[in-house]
Structures are given as C-alpha cells and as structure tokens.
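Here is a quick tour for someone meeting this protein for the first time. Have a look at the structure below, and then we'll walk through a few spots together.

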Amino acid sequence: MTPHPPVDPGGARTPLSPVGLSGTVTSCTPAGRRHAVTIRGPADLDRATTPRNAAGLGDAVGSCDAGESGGLGVLRDNAVMAGGRWSGGRVGAADGPAEGVVRLPEPRGPLTSLLFERLAHPPEPYPDPYRMNGRTAGAQFSAGHAQDGRPGQARDERPGQARFAEQQHSRPPHGHLSDRRSADGRGSHAYAHLAGWHGVEGWPSPLQVADGGLADDDFQLALFACFELHYQGFEDVDDRWEWHPWLLAARAVLEERLEEALARAVPRPSLDGPEEVRRALNELTAADEGPSLSTFLARQADREQFREFVVHRSIYHLKEADPHTWAIPRLRSAAKAALVEIQADEYGGGRPERMHSELFRATMRGLGLDDSYGAYLGRVPGVTLAISNAMSLFGLHRRLRGALAGHLAALEMTSSLPNRRYAAGLRRLGGDDAAARFYDEHVQADAVHEQIAAHDLCANLAADEPALAEDILYGAACALELERLWAGHVLDRWERGVSSLVEVPAECVPAREGCDAASKR
C-alpha cells in the first residue's frame with residue numbers, strides 16, 4: 001500500500017511514520033472526551049482528519065504515552081502516532097488556519113455547574129416591558145410572540161411574568177446586588193436578580209456568588225465563559241445568550257466580584273498629575289519584582305514544563321490583541337491612532353500568517369500541542385483565567401478604558417526581555433526557528449510597541465482625559481500583579497514536582513492500548 005503522507009505546515013509532504021495506515025487509535029480530548037479512529041487506508045485517514053470531532057476540538061489521530069503527554073491529553077491534532085510518539089506533519093495545514101471551535105469544559109464547582117447547565121439550553125425569550133402598555137407579559141406573548149421568537153403563535157402566561165412591567169421600571173434593568181453582609185461587615189454573597197423573574201419556572205433565582213478570588217477556579221471559569229461569548233463563543237452554547245438579560249445580570253455580579261478582588265490585591269498607584277503618566281509607567285514596570293519565570297524557562301525548564309507554560313499562555317495568545325481592541329472605538333485622536341498602530345502589528349499587518357495568534361499556533365504545533373482555539377480551557381487554573389478576565393473586564397466597559405490602555409502598556413513594556421528568554425529556552429530544548437518565531441517577533445515588535453503604548457497611547461490619553469490618568473496606572477498595576485501571581489503559582493508547583501495545570505480525571509487519560517496497537521503494525 002502506498003502511504004498517504006500528511007502535509008506539514010509549510011505545505012511540503014512528509015513521509016508517513018512506520019505506523020502505516022492500519023490500526024485503531026484512541027485519544028482523549030483536552031475536554032475529557034474519548035475519541036477513537038480506526039485507520040485501514042487513505043480514505044480512513046482522510047476521514048480521521050476532518051475539521052471537527054464530536055468534542056469540537058479537532059480530530060486527533062493517536063494518543064500520547066505518559067512520557068510524551070505528561071497528562072496533557074491530546075497534544076496534537078491531525079497527526080499520526082508511531083511507538084507512542086508523534087510523527088509526520090499536520091494534516092490539512094496547507095488548507096489554512098483551523099476555525100476556532102470550543103465547547104464548554106467540565107464545571108469546577110457549584111457556580112459553573114449552574115451556569116453551564118443554563119447555557120446548555122437555548123435561552124427563553126423575555127418580555128419587553130416598553131411594548132406592554134399595561135398588558136400582562138403573558139398576554140403580550142400570546143398576542144405576538146412564541147417561545148421561539150416567531151410572531152403569531154400563542155404562549156401560555158407563566159407565573160410571575162405579569163409583574164415584569166411594574167418591577168422593571170423600579171429596578172436597574174441589568175440586576176442589582178443584595179445588601180446582605182457577613183459578620184465582618186463585608187458583602188459575602190451577591191445575588192443577580194433579573195427584575196420580575198423571581199419564581200418564573202425554569203429561571204434560577206437567585207444566583208448566589210461567593211466572593212470571587214483571583215485564583216478561584218470555579219469563579220474565574222464562570223466569568224471567563226460569560227466573556228467568551230463576546231469572542232469566539234462555544235459550539236454548544238446558543239449565540240443568543242451573548243446579550244440575554246439573565247446572563248448579563250449574572251455577569252454583572254461576577255464582574256463586581258472580580259473588581260473587588262483586584263482592589264484587594266492591587267493598591268491604587270498615586271500620581272502627581274496626568275503629565276506624569278509616562279514617567280510613572282516607567283517606574284512601575286521597572287520596579288516589578290515578580291518571580292522570573294522567563295529566567296527559569298531559559299535555563300532550567302525541561303520540555304514538559306515548557307509545554308505547560310505554552311498551554312497556560314494559549315488561553316490569551318490564541319486570541320492575542322482581541323481584548324484590547326475593544327478600546328479602539330472608545331478612544332479618540334492620537335490615543336486611538338496609537339492603539340490602531342499597535343493592533344495592526346498584532347494582527348499581522350493584513351497578512352494572516354503573520355498574526356501573532358497564528359505564530360503562537362506554530363509554537364504549539366512545534367511542541368506537539370493541540371493548536372485549536374480553546375483546546376486547553378479545561379486544563380488551566382483560575383489564576384491563569386484571571387489574566388484574561390481582567391483584560392475582558394477592562395475592554396468591555398467604557399468606564400475602564402483607561403485601565404485597559406494601562407494594562408496594554410504594562411504588557412508591552414515588560415515583554416521584550418522575557419520573550420528573548422523564552423526563545424532561548426525553546427531553542428535549548430530543541431525547538432526550531434518556526435516554533436520560536438512567535439517569541440522572536442515579540443522581541444522586536446514590543447521594543448517599538450512599548451514606546452508607542454507609553455507615550456502615544458497612555459500619555460496622550462491622560463492629556464486628553466485627565467480623569468483617566470490614575471486608571472491608566474491602575475490597569476498597568478493590575479497586569480503586573482496578575483502576572484506575578486500566575487508566575488508564582490507555576491513555579492511553586494514545579495518546585496514541588498507537580499504539574500501547574502488542573503488535573504484531569506483518570507478516565508480522561510489517553511488510552512495506551514491505542515498507541516500499543518498502532519505501534520505493533
């Protein structure tokens with residue numbers, strides 16, 4: 001039988017591994033779902049490398065042994081296993097980038113259990129109080145709206161809907177916080193109520209949220225899922241949830257808890273005046289004394305630790321620049337032009353293959369990792385998600401545009417040297433230039449971006465809107481503190497000889513029999 005060679009990222013065909021074209025290969029996706037493919041010939045290989053599997057994360061042909069995977073589940077999609085190790089190129093890569101598809105991960109506590117259970121079903125339509133004119137919600141739906149949103153079909157009135165119009169005008173439309181207090185006087189819980197929907201069948205009321213910590217897995221994953229609906233979304237979540245009032249009310253409570261957690265962790269920097277923003281940013285970033293993860297990766301990390309580092313970073317880097325892009329329509333004049341200049345570089349200057357997110361996908365492939373969007377969402381801890389959540393929080397609220405600008409400036413101003421170390425560490429571990437290109441690019445680009453971000457973006461924004469000057473510094477301080485907390489978590493776990501990622505259930509460990517069966521053929 002003539003081998004059916006896969007295509008490598010550069011488009012050149014590479015010979016198939018000695019595994020040949022027969023065998024049953026079993027794997028477990030990062031979301032914890034098993035996936036098996038039986039390969040008997042080229043047609044089966046083609047079938048095995050279709051863009052999606054049942055888990056929505058890209059089909060994986062093969063699974064890794066313990067030495068190669070380190071418990072990361074599927075580490076490379078569309079590749080072929082030989083003797084428990086990946087060989088061959090990435091099938092179909094020459095056809096262009098894979099579309100981002102991600103499914104909800106497993107819940108991590110009561111909050112995500114409740115939220116994900118709701119998101120797993122299409123949202124119910126909600127009454128419009130401004131068109132009711134005194135009529136009950138039930139009558140309004142009967143007159144013109146069905147449950148699926150099509151006009152002219154009746155819908156039964158539900159208990160509690162008749163109260164909606166009256167209560168909607170007396171309460172904030174996006175929910176409110178209860179005034180419950182713990183013994184020490186702090187609000188220990190928050191409740192999201194969508195006005196008038198208490199007791200309506202099928203709607204959770206109230207939504208109880210404990211104080212959200214920056215490292216709280218359950219809390220951070222819940223908020224990340226809410227924010228993700230404004231990005232690529234989830235394959236198994238109806239897009240109509242993005243702006244649904246119940247979810248907005250729930251998200252408002254989660255966001256408030258995140259803001260409170262940031263306020264506890266990050267003292268608000270002082271500033272003599274808006275003209276001092278650039279100097280203050282330089283001092284703030286120069287004084288950052290967080291643990292040097294980049295030095296460890298450059299000199300000491302083994303290959304598996306570097307792969308874990310990349311898995312953590314994939315949560316942001318696969319949508320790199322997107323959260324900060326929210327600020328473009330919220331800025332004006334020179335500050336807006338500066339942000340557009342930075343973002344244009346982040347997005348590859350109009351060339352898809354040079355987008356920083358695409359360069360990072362090449363890094364992931366070079367390390368044998370699954371480069372599909374959101375593939376490792378279920379494997380990263382809350383402290384990793386908090387980094388992205390802070391960006392989205394700042395980006396999705398116009399009132400926090402100053403913090404978003406400062407956040408971006410802090411990232412750009414502390415990027416060049418660490419990325420030089422990342423590139424050195426990757427090459428020390430055998431990474432090639434294609435895998436290291438993402439880091440090489442940031443060494444050069446961010447040396448320029450830090451000047452644009454500090455002077456053209458932040459200094460001009462502070463001059464145009466002096467009231468935002470302290471927000472700019474606060475956003476930068478939040479970025480530095482979240483990076484410090486995350487690096488501390490990773491290094492602490494490695495020093496203790498354990499993985500920095502969230503452990504997966506035993507039943508989700510890739511099946512060795514798939515590797516063994518394949519390697520014997």
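What percentage of the 521 residues in the protein is buried? In this predicted model, buried residues account for 55% of them. As for secondary structure, the protein has 19 helices and six strands. If you take the contacts between residues at least 6 apart in sequence, 72% of them join residues at least 24 apart.

Let's look at two of those helices.

| Helix | Residues |
|---|---|
| α10 | 303-317 |
| α12 | 333-346 |

E308 is buried but has no salt bridge. R379 is the nearest side chain of opposite charge, and it sits 6.7 Å away, while a salt bridge needs the atoms within 4 Å. What E308 does have is a polar contact, side chain to side chain, with S499 at 2.9 Å. Setting aside neighbours within four places in sequence, E308 touches W494, S499, S500 and L501.

Now for α12. Its 14 residues reach 20 Å from the first C-alpha to the last, close to the 20 Å expected at 1.5 Å a residue. Which of its residues are buried? They are A335, A338, L339, I342, Q343 and E346. These residues lie on the same side of α12 because they cover an arc of only 130° around the axis. Their packing partners are α11 (322-325), α13 (356-366), α15 (401-413) and α17 (433-464). After α12 comes G348, with a positive phi near 85°.

Definitions and conventions: Residues numbered from 1 in each chain as written. Predicted model: local features only at pLDDT ≥ 70, side-chain atom pairs only at ≥ 80, totals over all residues. Heavy atoms only, no water. Helix = DSSP H or I, 4+ residues; strand = E, 2+ residues; numbered from the N terminus. Buried < 20%, exposed > 50% of the residue type's maximum accessible area, 1.4 Å probe, protein only. Lys, Arg positive; Asp, Glu negative; His and termini not counted. Polar contact = N/O pair within 3.5 Å; in protein donor to acceptor, adjacent residues only side chain to side chain. Contact = heavy atoms within 4.5 Å. Expected span 1.5 Å × (residues − 1). Arc of directions from axis to C-beta.
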